[in-house]
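Here are my notes on the complex, as promised. Keep the viewer open while you go through the points.

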Amino acid sequence: MVQTLVDNRILKYTRNIHAASHDLDNGNLLARVRIDDALVSAQIKIEVKVPELKIVNIKGEINHILIEECNSVVELLQKTVGMRIGSGVTKLINGTIGGSKGCPLLAEMILEGFNAIIMHFTVDELEPQLAAESNEVYIQAMKDMLEQNPRVGSCIAFVEGGEFRTRMGV
Amino acid sequence: MTGFTRSKLVAVEKRENGIYLAHGILDDHVYSLEVHIEVKVPELTIKSAKGVMKRVTTPDCVKAPTILDGTVGLNIGGEEFNSQIKKLVGRGGCRHLADLFLECCKSIVPSVIQTSWKEARREGICKDDFLRDLLQNEPLVKDMCGAYSKDSALAKRLGVAL
């Protein structure tokens, strides 16, 4: 039997992940990713050349980890220098850094950094829609975005022939 | 100048009858969403999955969490699980929801390890003895990564033959 007066059990585990992207003075972008959980605390920094989105510099640090042998995995980061953030990069990172012989957590952190770089550009693209002063302006901005990005169709809202596209007349 | 930030938090409770309950929150410059899943351990099957889209970019984004019903019964340890979720929840619903959903799923096995480690420490078991037992007797960690694989530096140091 367990108590039923309060629907609460003490947390067994928490994981915090923070990713950010910044403009650098040299025109490149810097992605920072930090993970903190009960078993590991680590951070990486990835510098990406713009517009090629090529990794020019990467550094990592493990602050604490359950298995001391894992401290050396940061050396794997150098394998990503020269890679481009683009089609096929997820498979490439999982193949070279992650997997059952590598460190899937480090691979996830790198991919989180890549996502921050991509979203860095997406925020600017979304600004005209989300800051629209009327529905008409929002719809026009959305139409413009869809015309410029014909491949957008990869979610419930943008699926080809979907309700949202139909309502907007796209 | 910072152009984008994303924060994800996953918290896991151990409930009764082998159920682990994970709550996930994602907040970034564009989106804000939540996921709640229940996973049965050691089977690693999803018992329930719910989500809420709180800050979105289109009026239809809020419908995405209905897709999560289709994940009930899936095994989070399956080889194709990640690609299955990216297709089912990502393309069928929202890729940011799929991202947070996978983050919740990936937190289950570490929470089992953390729970066992805490109990072992309470019993006065040292870290190497705990890790040796984990490598030899916990099927959930087998081949999870290089550290838990055959011929790893850890297995060699601890004298464990996998």
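**Notes on the model**

1. In chain B, the mean position of the 24 positive charges and that of the 21 negative charges are 3 Å apart. As for the surface they belong to, chain B exposes about 7400 Å², and carbon and sulfur atoms supply 51% of that area.

2. A word on confidence, since this is a predicted model. The predictor gives the complex an ipTM of 0.93 and a pTM of 0.94. Chain B averages a pLDDT of 94, and 100% of its residues score at least 70.

3. Now the layout of chain B. There are 5 helices and 4 strands in this chain, and their order from the N terminus is β-β-β-β-α-α-α-α-α. Along the principal axes, the C-alpha atoms of chain B fill a box of roughly 55 × 40 × 30 Å. Of the 162 residues in chain B, 51% are buried. Among the contacts in chain B with a separation of 6 or more, 43% come from residues 24 or more positions apart.

4. Over to chain A, and one strand pair there. Strand β3 (residues 40–49) and strand β4 (residues 54–65) of chain A run antiparallel and are joined by 10 bridges. In this pairing, A:Val48 stands opposite A:Ile55 in β4(A). The two strands form a hairpin with 4 residues between them.

5. A:Leu53 in the turn has a positive phi of about 55°. A:Pro51 sits in the loop between β3 and β4 of chain A, and a cis peptide bond with omega of about 10° joins A:Val50 to A:Pro51.

6. What is the peptide bond from B:Val41 to B:Pro42, cis or trans? It is cis, with omega near 15°. B:Pro42 is found in the loop between β3 (32–40) and β4 (45–55) of chain B. I would check both of these cis bonds in the viewer, A:Val50 to A:Pro51 and B:Val41 to B:Pro42.

7. Next, two residues with positive phi in chain B. B:Asn17, in the loop between β1 (2–14) and β2 (19–28) of chain B, has a phi near 60° although this residue is not glycine. B:Asn17 counts as exposed because its relative accessible area is 67%, over the 50% cut-off. B:Asp143 is not a glycine either, and its phi is positive at about 55°. Its place is the loop between α4 (127–137) and α5 (153–158) of chain B. With 35% relative accessibility, B:Asp143 falls between the 20% and 50% cut-offs and is therefore partly exposed.

8. Last, a residue with partners in both chains. B:Thr57 lies in the loop between β4 and α1 (81–91) of chain B. Is B:Thr57 buried or exposed? Its relative accessible area is 6%, which is under 20%, so B:Thr57 is buried. Leaving out residues up to four places away in sequence, B:Thr57 touches A:Leu126, A:Leu130, A:Tyr138 and A:Met142 from chain A, along with B:Val30 and B:Tyr31 from chain B.

Definitions and conventions:
Residues numbered from 1 in each chain as written. Chains lettered and ligands numbered in written order. Predicted model: local features only at pLDDT ≥ 70, side-chain atom pairs only at ≥ 80, totals over all residues. Heavy atoms only, no water. Buried < 20%, exposed > 50% of the residue type's maximum accessible area, 1.4 Å probe, protein only. Contact = heavy atoms within 4.5 Å. Areas by Shrake-Rupley, 256 points an atom, 1.4 Å probe, with all protein chains shown as cover. Lys, Arg positive; Asp, Glu negative; His and termini not counted. Charge placed at Lys NZ, Arg CZ, Asp CG, Glu CD. Pairing = 2+ DSSP bridges. pLDDT = per-residue confidence, 0-100.
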